[in-house]
Amino acid sequence: MKVKIVDHPLIQHKLSLIRDIKTGPKEFRELLEEIAMLLAYEITRDLPLEEMEIQTPVAPCRCKVLSGKKLGVVPILRAGLGMVSGVLKLIPAAKVGHVGVYRDPDTLKPVEYYCKFPTDVADRDFIVIDPMLATGGSSAASIDMLKRQGAANIKLMCLVAAPEGVKYVNEQHPDVEIYTAAVDDHLNDHGYIVPGLGDAGDRIFGTK
Ligand code: PRP
Ligand code: URA
């Protein structure tokens, strides 16, 4: 199982709060935004740098600035929307694409219903974001959609993953690194992550 678990104490503390059934939509959204920002810090750790010369008020200075391809962020609707603002706080120049995929409740297979990417997909590196990686079907399908448009370098950011979903994405997309705050125990018979946090979309938007 190839996955990077981001075990920063702030993330782990906020994740415990977000899992709690007593946490309502307002606090859930705030926590998800904060965790997404912290995960974005980790997922961008290996961005390439180049040196440039600037002038401080005191002296000339050789400084490091980001180089390499520009970034794109792709939330998977709906729940991925809850992480966009946190990620954009750290990488405000990123372009944002959207993928609409929902999980058929009976088959648990992903159903694609929307796709809108920036026009320059092939010129960008991408972070696909979704709080939940359960069977992995939605994430793998979203990554497929991006690759079909020419994206070559993609990372997946989630909040809670199941071992089944990590394994599936590893198999379907061995080139895609997965970053998550936790890998939980298992999926239940309805495809929910155990212990997980319930239905992320419903908890963000208060629809249940
Ligand atoms: C949830 C979640 C993921 C997907 C994960 O979305 O946000 O996209 O399930 O499950 P998987 O790994 O088994 O595919 P859902 O289908 O509930 O749609 P929603 O975000 O519109 O509520
Ligand atoms: N989607 C969710 O929102 N939660 C799960 O546990 C599994 C899929």
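The space taken by ligand 1 is the largest pocket in this predicted model, where a pocket is an open set of points on a 1 Å grid over the protein atoms alone, with protein on both sides within 12 Å along at least five of seven lines, and where a molecule sits in a pocket if more than half of its atoms lie within 2 Å of its grid points. Strand E6 (98-103), strand E9 (132-133) and helix H4 (137-148) are the elements that give two or more residues to the shell around ligand 1; helices (H or I, at least four residues) and strands (E, at least two) are DSSP runs, numbered from the N terminus.

The model is predicted, and local features need pLDDT of at least 70, side-chain atom pairs count only at pLDDT 80 or more, and totals for chains, interfaces and linings use all residues. Residues are numbered from 1 along each chain as its sequence is written, chains are lettered from A and ligands numbered from 1 in the order in which they are written, and side-chain values use heavy atoms, with hydrogens and water left out.

**Around the ligand**

Ligand 1 is surrounded by 14 residues, of which the closest are Arg103, Asp130, Thr135, Gly136 and Ser138; a residue is near a molecule if one of its heavy atoms lies within 4 Å of it. The shell divides into 6 nonpolar, 4 polar and 4 charged residues, with Asp, Glu, Lys and Arg counted as charged, Ala, Val, Leu, Ile, Met, Phe, Trp, Tyr, Cys and Pro as nonpolar, and the others, Gly among them, as polar. The table lists polar contacts, which are pairs of N or O atoms within 3.5 Å.

| Side chain | Distance to an oxygen atom of ligand 1 |
|---|---|
| Arg78 | 2.9 Å |
| Thr135 | 2.5 Å |
| Ser138 | 2.6 Å |

The protein covers 90% of the 500 Å² of accessible area that ligand 1 has on its own, by the Shrake-Rupley method with a 1.4 Å probe.

**Backbone features and a buried arginine**

Arg78 has its place in the loop between strand E4 (70-77) and helix H3 (81-90), and the peptide bond from Leu77 to Arg78 is cis, with omega near -5 degrees. Another cis peptide bond runs from Val194 to Pro195, with omega near 5 degrees.

Arg124, in strand E8 (residues 124-129), is buried, with a relative accessible area of 5%, buried meaning under 20%. A polar atom of the Arg124 side chain lies 2.8 Å from the backbone oxygen of Leu71, and a polar contact of 3.1 Å joins the side chains of Arg124 and Asp120.

Definitions and conventions: Polar contact = N/O pair within 3.5 Å; in protein donor to acceptor, adjacent residues only side chain to side chain. 1 Å grid on protein atoms, 1.4 Å probe; cavity = no way out; pocket = protein on both sides within 12 Å on 5 of 7 lines; lining within 4 Å. Buried < 20%, exposed > 50% of the residue type's maximum accessible area, 1.4 Å probe, protein only.
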